[in-house]
Amino acid sequence: MGSEVEGNRAIKVVALCGSLQKTSKNRGIIRAAMKMCSESIIRGMEMEDVNISELPMMNVDLEVNGTYPPVVEVFRNKIREADAVFFSTPDYNYSVTPLLKNALDWASRPPNVWADKPAAMASVQATSRSGQYHLRQIGVFLDIHFINKPEFFVNGVEPPQKFDENGDLIDQQLRQRLQNLLLALQAFTLRLVKGKSP
Ligand SMILES: Cc1cc2nc3c(=O)[nH]c(=O)nc-3n(C[C@H](O)[C@H](O)[C@H](O)COP(=O)(O)O)c2cc1C
């Protein structure tokens, strides 16, 4: 009760992973989050892992009379139709990965489909934090509303082991933290969506 948007439908969340690695721990976070939604551990929320690896590298020459390549249009529509966005990405050299930046750039082209989206971020990397802060900074210009708390940084290298060899989340404490992050995203999304209703 109280966890749905208009028409009692579930909140639609698009998940974007900044890593292409087969055993990506960040994708493991997204898999765990999707499972929480599908098994109703988080009620009233559905999550789709959207593939951004097929997007061409950003090039305005690919834009024709305000239209975009079909694969870009599909991606832009996914973002447009989402109620919220969930990012999980490693840091690459103290910043966001090129894969994720490319997706951010494509969806920023006019009309900017990120505008007014609530969002949350998680990251599994070694030690740095600046990738998340760079993502927040990019979000200022794109008008993405990132929740501030709870923060979700994970050192995927230091023991204890939190992911198995496939990149699946195996740490119970981390699972609880992820659940808290998703609940915070859900609450924030509902505040924004309900605030917009007439
Ligand atoms: C090109 C490259 C740059 C990286 N730079 C950083 C970095 O700046 N800070 C950090 O903590 N980890 C860095 N790492 C480590 C990754 O963040 C770490 O391996 C992470 O677990 C990869 O995420 P994934 O398992 O989802 O692929 C880097 C890895 C690569 C491949």
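In this predicted model, an oxygen atom of the ligand is 2.9 Å from a polar backbone atom of Lys 25; a polar contact is a pair of N or O atoms within 3.5 Å, and within protein one must be able to donate a hydrogen and the other to accept it, while residues adjacent in sequence count only if both atoms are side-chain atoms. Because the model is predicted, local features need pLDDT of at least 70 and side-chain atom pairs count only at pLDDT 80 or more, whereas totals for chains, interfaces and linings use all residues. Residues are numbered from 1 along each chain as its sequence is written, and side-chain values use heavy atoms, with hydrogens and water left out.

**The ligand and its shell**

- Asn 26 places a polar side-chain atom 2.8 Å from an oxygen atom of the ligand.
- Asp 91 has a backbone N or O atom 3.1 Å from an oxygen atom of the ligand.
- The ligand taken alone exposes 640 Å², of which the protein buries 72%; accessible areas come from the Shrake-Rupley method with a 1.4 Å probe, and for residues only the protein chains shown count as cover.
- Helix H1 (25-38) and strand E4 (118-125) are the elements that give two or more residues to the shell; helices (H or I, at least four residues) and strands (E, at least two) are DSSP runs numbered from the N terminus.
- The ligand is surrounded by 15 residues, the closest being Ser 19, Gln 21, Ser 24, Asn 26 and Ser 128; a residue is near a molecule or strand if one of its heavy atoms lies within 4 Å of it.
- By class, the shell has five nonpolar, eight polar and two charged residues. Ala, Val, Leu, Ile, Met, Phe, Trp, Tyr, Cys and Pro count as nonpolar, Asp, Glu, Lys and Arg as charged, and the others, Gly among them, as polar.

**Helix packing**

- Helix H3 (residues 98-108) and helix H4 (residues 130-142) pack at an angle of about 5°, with axes 11 Å apart; axes are lines fitted to C-alpha atoms, for helices over the stretch in contact, and angles run from 0 to 180 degrees between N-to-C directions.
- H3 and H4 are therefore roughly parallel to each other; angles under 35 degrees count as roughly parallel, over 145 as roughly antiparallel, 65 to 115 as roughly perpendicular and the rest as oblique.
- Leu 100, Lys 101, Leu 104 and Ser 108 of H3 meet Leu 135, Ile 138 and Leu 142 of H4, where contact means heavy atoms within 4.5 Å.
- Helix H2 (residues 70-81) packs against H3 at about 85°, with axes 9 Å apart, which makes H2 roughly perpendicular to H3.

**Backbone features**

- Most residues other than glycine have a negative phi, and most peptide bonds are trans.
- Asn 65 is not a glycine, yet has a positive phi of about 50°.
- A cis peptide bond joins Lys 149 and Pro 150, with omega about -5°.
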